[in-house]
Amino acid sequence: MIIDAPAIDWLTFTTWDELEFLRWQEWQKNVTGDEKLGKIRMYDGKWKGSSFVGEGRQNNRSHGLIRVSGSDSNQAYFELLRGDYAKCTRLDVQFTTPLPAGYSARNFADDLRGGQQGEYQRTIDLYDNSDGFDSVYVGSKKSDRFARFYVKELDDQKYLRFEVEHKGAWADVVSKAIQQDRATMAGCLLDFLKSIEVDDTQGVIKLFEQKIEGFEAGLSTPKVIRDKNKTMLWIMEQVTPAMVRLLNDHDVGRELFDHLQGLLDESKMTIGGEIDQN
């Protein structure tokens, strides 16, 4: 999980281009995780990890879709961008920071409701849980752009995430602007914050504004918090038992041993765990 830096948390691209769809399928082969067949709406395809690649029919033509969610989507977004070959139909941009002491989602929601002025009133919804993992939604979830503030936990540390979900036309406009360097993820987040700016008693809006502006100015240091590394868990819990069985197999044990030894040699790692610079 990326801390104190903007990041993509969900993306959906669609395409009419057959070669682009094939490229998505090739990309998915390198994704870590279990494979299974699946379906999203009219699209039949394959899940692998947090990614889905599927194909459907529209107007008697083949139409492709790719969806990636969670921490994998930030890198995937920039790997999958390719000019006008695809259309972005959903793009979630988020900023996560350590949970402020004494934060109350209920008080924050009340401040947002009370701070709205004029004829245009956004919907403010509070979803509170007994375990403290509360969410505040700003704007209608049926609209093409709305935001949420919600509590997350990782390794017994709690964080507050501000996330803007773009759908439909908003998603494609924002995606193209980022791709063409006409906008930044930080700028998209700040734009939404400025539109709901209120003097909330806990200073949540100001906290995110200051941190995102600090990132934009190069004055903050992003951190990556690894949630017990999903890839490592997959290796330890699924791959390792299979390798142990094969290593003890009379027919393929030696071949696998040599393969693993080759990987260790290529990694240039010393027993102490430091990179060998030679």
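Asp92 stands opposite Glu165 in E11. The model is predicted, so local features need pLDDT of at least 70 and side-chain atom pairs count only at pLDDT 80 or more, while totals for chains, interfaces and linings use all residues. Residues are numbered from 1 along each chain as its sequence is written, and side-chain values use heavy atoms, without hydrogens and water.

Helices (H or I, at least four residues) and strands (E, at least two) are DSSP runs, numbered from the N terminus. Strand E7 covers residues 87-98, and nine of its twelve residues are buried, meaning under 20% relative accessible area with a 1.4 Å probe, protein chains only.

| Partner of E7 | Bridges | Sense | Opposite residues |
|---|---|---|---|
| E2 (residues 7-15) | seven bridges | antiparallel | Thr12 and Arg90 |

In helix H3 (residues 105-115), the buried residues are Ala105, Phe108, Ala109, Asp111 and Leu112. Down the axis of H3 they fall within an arc of 160°, so they line one face of the helix; the arc is that of the directions from the helix axis to the C-beta atoms. These buried residues pack against strands E8 (124-127), E9 (135-138) and E10 (145-154), and against helix H6 (204-216).

Trp27 lies in helix H1 (residues 18-28) and counts as buried because its relative accessibility is 17%. Beyond its neighbours within four places in sequence, Trp27 is in contact with Ser51, Ile66, Val68, Ala76, Glu79 and Leu80, contact being heavy atoms within 4.5 Å. Ala76 is 49 residues from Trp27 in sequence, with 9.1 Å between their C-alpha atoms.

Methods
Buried means under 20% relative accessible area, exposed over 50%, partly exposed in between (1.4 Å probe, protein chains only). Two strands pair if DSSP finds at least two bridges between them.
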